[in-house]
Amino acid sequence: MATRKLGFSSQLTFLSFFFLAAVLASSQLSSTFYDNSCPSALRIIESAVRAAVAAERRMGASLVRLHFHDCFVNGCDGSVLLDDTASFVGEKTAGPNNNSLRGYDVIDSIKSKVEASCKQVVSCADILAVAARDSVVALGGPWWSVQLGRRDATTASFSSANADIPSPTSDLSSLISAFSKKGLTTAEMVTLSGAHTIGQARCTTFRARIYNESNIDSSSASSLQSKCPSSGNDDDLSPLDAVSPNKFDAEYFSNLVSKRGLLHSDQQLYSGGSTDSQVSSYAANSAKFCNDFKAAMVKMGNISPLTGSDGEIRTNCRVIN
Ligand code: HEM
Ligand SMILES: *[C@@H]1O[C@H](CO)[C@@H](O)[C@H](O)[C@H]1NC(C)=O
Ligand SMILES: *[C@@H]1O[C@H](CO)[C@@H](O)[C@H](O)[C@H]1NC(C)=O
């Protein structure tokens, strides 16, 4: 009996190994994708990101968010970078992006440098994935090996950007379903939200929280109210992590534990629900957060990439070839 049981479970292990291998292979991304075709690509991107972040620390946050907003709309395919055309309205003016997403000029400049070295080899979608990683590193966060080989979309979707990018007014259950729709678990949603350890948000995105919610630290609410009036000044900025806005650390989670989350959606992760324990564990263990973040970014970067002969390698990230 014991022997049969052992035999059965090792068969299962054997099968699941091949299943896993097949799933991994099917994405067709690889960390060595440009090693022969454009060996300078990663160095070019890294040094440009480092310079952009040195010139303006917030740019690191903005580049991380660009990759997220790319991946959540029809996969990580560079669609977020396309300008409007006669045949489609792009994603740049969709609700979550309009007057908010930034860093397009930095990506354009990286793309021209990469093109000057290797013509039409490196996709805009991959540049976004690498720039996100290099931004996290430039702000003191962890390094991970970025999977490469994504190709660029030839269209974009205004309506999917509105539908699929989660809103700061979301409750926990909507956050969970928005990520689940992209194949990401609740735990990965919490981990990836830790990106809000860097960057800024506009008054309009957190006004209702700082004036009307009760699960907010009162001194934090009043200091935010002094920078974000109850009406007007919609675009005035406050840091998502007031303690260390330009440092990639686990402070975001400590803030949630002390009811200092900036967005309604942030505080939802620590509001008596199923994700509280993960938030507390990251607040107490930043190394655990950083490790999980690396894996979750790889997983997010794997959302429906175009590979093989699908899509194209754009020469200008703003327009299809
Ligand atoms: C969980 C659901 C999420 C919601 C509801 C959300 C919402 C927001 C909002 C409203 C802002 C401020 C935008 C503005 O005022 O212009 C913001 C900023 C930001 N978000 Fe998220 N976000 C989420 C998840 C993520 C994820 C998964 C990442 C990356 C992995 C991310 C990265 C960022 C960064 C870095 C900023 C600051 C950008 C800057 O300073 O330019 N967010 N987010
Ligand atoms: C985007 O923002 C601009 C400037 O605030 C505004 O005029 C425009 O109507 C917005 N676009 C959409 C689609 O909401
Ligand atoms: C706060 O809630 C009240 C009552 O629902 C509403 O009238 C007011 O506009 C809200 N204030 C903000 C800043 O959202």
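**The second largest pocket**

Modeller: This pocket is lined by Ser220, Ser223, Leu224, Lys227, Ser238, Pro239, Leu240, Ala242, Val243, Asn255, Arg260 and Leu262. The model is predicted; local features need pLDDT of at least 70, side-chain atom pairs 80 or more, while totals for linings use all residues, and side-chain values leave out hydrogens and water. Residues are numbered from 1 along each chain, with chains lettered from A and ligands numbered from 1 as written.

A pocket is an open set of points on a 1 Å grid over protein atoms alone, where a 1.4 Å probe fits, with protein on both sides within 12 Å along at least five of seven lines; lining residues have an atom within 4 Å of a point.

The second largest pocket holds about 180 Å³ of space. Helix H10 (218-227) and strand S2 (237-239) each give its lining at least two residues. H10 has the largest share, four residues. By class, six lining residues are nonpolar, four polar and two charged.

Now set it beside the largest pocket. That one holds about 850 Å³. Its lining counts 41 residues, and Arg65, Phe68, His69, His196 and Leu263 are the closest to its centre. Several elements give two or more residues there, among them helix H7 (172-180), strand S1 (200-202), helix H9 (203-212) and helix H14 (286-301). Helix H3 (58-71) is also one of them. H3 gives the most, with seven residues. The lining of the largest pocket has 23 nonpolar, 13 polar and five charged residues.

Terms used
Points joined across faces, edges and corners; volume = space filled by probe spheres on them. Nonpolar A, V, L, I, M, F, W, Y, C, P; charged D, E, K, R; others polar.
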